[in-house]
Structures are given as structure tokens and as C-alpha cells.
Amino acid sequence: MKKVPLIGICRHRLVTDGQGVTTLVAFHDCPLRCQYCLNAQCLHADGIWKQLGVQDILNEVMQDNLYFQATGGGITFGGGEPLLRSREIAAFSKQCPAEWHIYIETSLNVPLQAVEAVAPFIDHYYIDVKDMNPDIYRRYTSRDNRLVQENLLWLASHDYCQKVTIRLPHIPDYNTEEDREKSREVLQTMGFREFDCFDYLYVTS
Ligand code: SF4
């Protein structure tokens, strides 16, 4: 399997997204162009940290195996958009110790095949849906959210809701508390129950 670009590997994270000690494996590239992107290096060619194959990634993170096993932790895949690397995530998950938990932070704005490829391995999803209103979403990300909606429905219809935390941001200048509440209602209707509501802290000049 070919090497893939990463923006970094961050070790010894504690209960940020996922239980126990986790290592974040952050991939380069993203299909979205969020106005307040906090990981802009994942969008630019000069933001690549290293190119690694699946075995290289496994070798890098294996040094914390004992922490993962002792705390019930594991690996969080992020980015950028990790589901652009679904084949590599699936291959990694088959090779890593079975006791490790696998978490993913995703916008879910990818073809369904990418979600299907990793679904058997993911212990918990952290899904940043931005806003469920297509107009707000397009204005904020410069993309449409059709794939996000389809993938959410697929996860719900395959009984994955209990493995999902939906991130619902209040995005200054793009949505309101009322918009966010509407998004939550739509998602609750689909069957999702766990929400992380927060404010993007962004100071306009
Ligand atoms: S989804 Fe994340 S990485 Fe991608 S553009 Fe938006 S904030 Fe940046």
C-alpha cells in the first residue's frame, strides 16, 4: 500500500476524544474549505509533515502500546479528513493489537464507500457536521452537505448511533443558536443522541 501524507502524530493525549490515552494520527488534505479552519496546514502542499505507509504508522505509534492497553485507549484518526484514507485506516486496524480502541474525527463529507470501509473497526465517531442547513453549510465550507446527510442516514440505519458523538458548533457570522437547535432536532429525528455543542472561538479583525 502506498505512503500517505500526514500533518503530524500527537502522543499522550488524555480523554480528549476517546477514552484513556490516545495517539492522534492526523492526515493531510480535506475536501472542505472551512472559513475558520484551525488546521490550515492540511490544505497546503507545504503542510505535509511526513509520508508514511501503514506499517510505518504502526511502528510510530506502537511505542505507546502499554499506555493504550493499561488505560483502554488507542488511536484517534483525524486531519484534515481521515476518511480520505479509509483504505489505510482499515488496513491499520486489522494489523494493530485487538485491544486498541479506534476513534475517528471526521466531517463525513466523503463517498459512502469510505464510511463502509472503516465501519467494522471504529469504536467511536466524532462527527463535525458544522450545520445541517445546506445553505449555511455551503457558505461556511464552500461545499454542499449531501454526502454528510447520506452518510449520517447510513450510520443511523446500520445501528451505529450509540457509537457517534455529533459536534455542533456555533459558528460566528454563519449560524445562530437557533440554527444549531434546528440541526440538533434533525439529527435527533435520525436517531442520534450524543451531542457536543460548543462555540468556535474566532476573533474577527
Ligand atoms: S473540515 Fe477541518 S480540516 Fe477540513 S477545512 Fe474544515 S476545519 Fe479545516
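**Exercise 1. Find where alanine 119 lies, and decide whether it is buried or exposed.**

Step 1: Alanine 119 belongs to the loop between helix H4 (112-118) and strand E6 (124-128). Helices (H or I, at least four residues) and strands (E, at least two) are DSSP runs, numbered from the N terminus.

Step 2: With a relative accessibility of 2%, alanine 119 counts as buried. Here buried means under 20% relative accessible area, exposed over 50%, and partly exposed in between (1.4 Å probe, protein chains only).

Step 3: Tryptophan 49 is 70 residues from alanine 119 in sequence, and their C-alpha atoms are 27 Å apart in space.

A note before you go on: this is a predicted model, in which local features need pLDDT of at least 70 and side-chain atom pairs count only at pLDDT 80 or more, while totals for chains, interfaces and linings use all residues. Residues are numbered from 1 along each chain as its sequence is written, and side-chain values use heavy atoms, with hydrogens and water left out.

**Exercise 2. Describe the protein chain as a whole.**

Step 1: Count the elements: the protein chain has 7 helices and 8 strands.

Step 2: Its radius of gyration is 17 Å, close to the 17 Å from the globule rule for 205 residues, so the chain is as compact as a globular protein of that length. The radius is taken over C-alpha atoms, and the rule is 2.2 Å times the number of residues to the power 0.38.

Step 3: The C-alpha trace spans about 45 × 40 × 30 Å along its principal axes, and 53% of the 205 residues count as buried.

**Exercise 3. Work through some of the salt bridges.**

Step 1: Side chains of opposite charge can pair when their charged atoms come close. The structure holds 11 salt bridges, each a side-chain nitrogen of Lys or Arg within 4 Å of a carboxyl oxygen of Asp or Glu.

Step 2: Take lysine 3 and aspartate 56, whose closest N and O atoms are 3.0 Å apart. This pair links distant parts of the chain, 53 residues apart: lysine 3 is in the segment before strand E1 (4-14), aspartate 56 in helix H1 (residues 54-61). Aspartate 56 is partly exposed, at 25% relative accessibility.

Step 3: Glutamate 60 pairs with lysine 50, with 3.4 Å between the closest N and O atoms. Glutamate 60 is in helix H1 and lysine 50 in strand E3 (residues 50-52), 10 residues apart.

Step 4: Now try lysine 130 and aspartate 128: their closest N and O atoms are 2.9 Å apart, and both residues are buried.

Step 5: Finally, Glu105, Arg167 and Asp196 are linked in a network of salt bridges.

**Exercise 4. Which phi value does histidine 12 have?**

Step 1: Histidine 12 has phi near 60°, positive in a residue other than glycine.

Step 2: Histidine 12 is in strand E1 and is partly exposed, with a relative accessible area of 44%.
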